[in-house]
Amino acid sequence: MEARHPKSSTTTMTDLVLPSETNPLNNLFGGELLARMDRAASIAARRHSRRIVVTASVNHVAFNRSIPVGSVVTVEANISRAFKSSMEIYIDVWIEDRESGLRDKANEAIYTFVAVDDTGRPVKIPELIPETNLEKERFEGALRRRQLSLVLAGKMNPSEATELKALFS
């Protein structure tokens, strides 16, 4: 199984925020944004693994900025690290200024997907080789985030979380 680079699975989805997708303040529903992020992350995970993928967890969501009706929204999903059968996907959400065309980061999220076979059993996936500084930074952080999630879920003993312990040494 040949290792892959993050750029080979990058997924970018751009869409317009319609009135039926907004709350009483005319901003995009959080749940609608979550669904868009989930779809983009799913495509990125599928591209990396070339397998059926399922959402394992939503590890982090930051709704930093509201997204008004009529906005052009771009969701970018990138694999930040591949483990045995799971992948961490880092998602950046951008809104585009109508007049200047400039993009501003509005929100971000981190999802975990697992590659499975036709019966739903986890399967091995290719390694990820980060190239850019941002990819390397997210790659390194992914192991700490994974260990924290496993400790909080009771699936890892805190004494085994070596990357987390190293932060405090």
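**Surface and overall build**

Tutor: Let us begin with the surface: in this predicted model, the protein chain exposes about 9800 Å², and carbon and sulfur atoms supply 51% of that area.

Student: How many of the 169 residues count as buried, in percent?

Tutor: Of the 169 residues of the protein chain, 40% count as buried, and the label is given to a residue whose relative accessible area is under 20%.

Student: What does the radius of gyration of the protein chain agree with?

Tutor: A compact globule with 169 residues would have a radius of gyration near 15 Å, and the protein chain has 17 Å, which agrees. Along its principal axes, the C-alpha trace spans about 50 × 40 × 30 Å. Of the contacts with a separation of 6 or more, 67% are accounted for by residues 24 or more positions apart.

**The strands and their sheet**

Student: Which elements make up the protein chain, and in what order do they run from the N terminus on?

Tutor: The secondary structure comes to three helices and five strands, and the elements run β-α-β-β-β-β-α-α.

Student: What is the order of the strands in the open sheet?

Tutor: The order of the five strands is β1-β3-β4-β5-β2, with antiparallel pairing. The edge strands are β1 (11-16) and β2 (52-63), a label they carry because each pairs on one side only. Direction ignored, neighbouring strands of this sheet are turned by 25 degrees against each other on average.

Student: Why do β1 and β3 count as paired?

Tutor: At least two bridges between two strands are needed for a pair, and β1 and strand β3 (residues 72-82) are joined in the antiparallel sense over six bridges, so they qualify. Within this pairing, D15 stands opposite V73 in β3.

**Salt bridges**

Student: What makes the contact between R36 and D15 a salt bridge?

Tutor: The rule asks for a side-chain nitrogen of Lys or Arg within 4 Å of a carboxyl oxygen of Asp or Glu. In R36 and D15, the closest N and O atoms are 4.0 Å apart, so the pair is counted.

Student: What do E76 and R103 tie together?

Tutor: The side chains of E76 and R103 meet in a salt bridge (3.1 Å, N to O). E76 lies in strand β3 and R103 in strand β5 (residues 103-116), so the pair ties together parts that are 27 residues apart in sequence. E76, with a relative accessible area of 17%, is buried, whereas R103, with 37%, is partly exposed.

Student: Where do K105 and D92 lie?

Tutor: K105 is in strand β5 and D92 in strand β4 (residues 86-96), 13 residues apart. The closest N and O atoms of K105 and D92 are 2.7 Å apart, which is within 4 Å, so the two form a salt bridge. D92 is buried, with a relative accessible area of 5%, while K105 is partly exposed, with 36%.

Student: How many salt bridges are there by this rule, and which residues are joined into one network?

Tutor: The count comes to 10 salt bridges, and those that share partners join D15, E21, E32 and R36 into one network.

Definitions and conventions
Residues numbered from 1 in each chain as written. Predicted model: local features only at pLDDT ≥ 70, side-chain atom pairs only at ≥ 80, totals over all residues. Heavy atoms only, no water. Helix = DSSP H or I, 4+ residues; strand = E, 2+ residues; numbered from the N terminus. Axes fitted to C-alpha atoms, helices over the stretch in contact; angles between N-to-C directions. Rg over C-alpha atoms; globule rule 2.2 N^0.38 Å. Buried < 20%, exposed > 50% of the residue type's maximum accessible area, 1.4 Å probe, protein only. Contact = heavy atoms within 4.5 Å. Areas by Shrake-Rupley, 256 points an atom, 1.4 Å probe, with all protein chains shown as cover.
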